[in-house]
Amino acid sequence: MGLPWPGLWLKRLWVLLQVAVHVATGKVLLTFFPERVKQHILAMGQKTGIANNPHFSHDNWIPTFFSTQYFWFVLKVHWQRLEDKTELGGLAPNCPVVRLSGQRCNIWDFMQDGWAFKNNVDIRNHQNLQERLQAAHLLLARNPQCPVVVDTMQNQSSQHYAALPERLYVLQEGRILYKGKSGPWNYNPEEVRVLLEKLHS
Ligand SMILES: *[C@@H]1O[C@H](CO)[C@@H](O)[C@H](O)[C@H]1NC(C)=O
């Protein structure tokens, strides 16, 4: 299971240094060349559509880049990726998840249905399962065409699937048929749509 402890901590230290350099460089550039940096971030955001979301303006997210909270979040994301347990064609981790009714189940329980994610929502960090379930109801309000479950508070699914902040997968017969790249810059719902349409045709 994963890397032995010393190896993992060495990798974490290396990632910590990389993230620190990234954030420090970003901060300096943002301070001295705010317009250039904004244009750069906007261009990346436009690629995936985040910059075109009418619900939040650029001023809501660009200035949050390279802050202390940003540093901790990016560090968490990159540390988590060291524990990625998925590979294309490999066994899909059967992590525990929670139905919105509170009932516990596992990811494989949905294997017959196939998956389809639609909209994404912007929500506060949840401290307990109640808050997490409540947040998931925002998704239900948009009538997704698939079952919705949440990770348990141990965050095992998010960890083993290296899913933070978002990632799309297609699982079939317990195996990983499709592993998308991670969001917010590199995930691609259109690829999932094409794949699902192909599977259903
Ligand atoms: C799981 O994630 C939540 C935030 O989404 C966090 O508050 C909680 O501490 C995490 N749990 C573990 C065991 O890391």
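**Exercise 1.** What percentage of the 201 residues in the protein do buried residues make up?

Solution. The structure is a predicted model, in which local features need pLDDT of at least 70 and side-chain atom pairs count only at pLDDT 80 or more, while totals for chains, interfaces and linings use all residues. Residues are numbered from 1 along each chain as its sequence is written, and side-chain values use heavy atoms, without hydrogens and water. Buried means under 20% relative accessible area, with a 1.4 Å probe and protein chains only. By this cut-off, 33% of the 201 residues are buried.

**Exercise 2.** State the secondary structure and its order along the sequence.

Solution. Count helices (DSSP runs of H or I, at least four residues) and strands (runs of E, at least two), numbered from the N terminus. The protein has seven helices and five strands. Their order along the sequence is α-α-α-α-β-β-α-β-α-β-β-α.

**Exercise 3.** Describe the open sheet and find its edges.

Solution. Two strands pair if DSSP finds at least two bridges between them. Three strands form the open sheet, in the order E2-E1-E3, with antiparallel pairing. Strand E2 (104-106) and strand E3 (149-151) each have a single partner strand, so one side of each lacks a neighbour in the sheet. E1 (residues 96-99) is joined to E3 by three bridges; here Val 97 stands opposite Asp 151.

**Exercise 4.** Which helix lies across E1, E2 and E3, and at what angle does it run to E3?

Solution. Axes are lines fitted to C-alpha atoms, for helices over the stretch in contact (heavy atoms within 4.5 Å). Angles between N-to-C directions run from 0 to 180 degrees. Helix H5 (residues 129-140) lies across the three named strands, at about 140 degrees to E3.

Technical notes:
Buried < 20%, exposed > 50% of the residue type's maximum accessible area, 1.4 Å probe, protein only.
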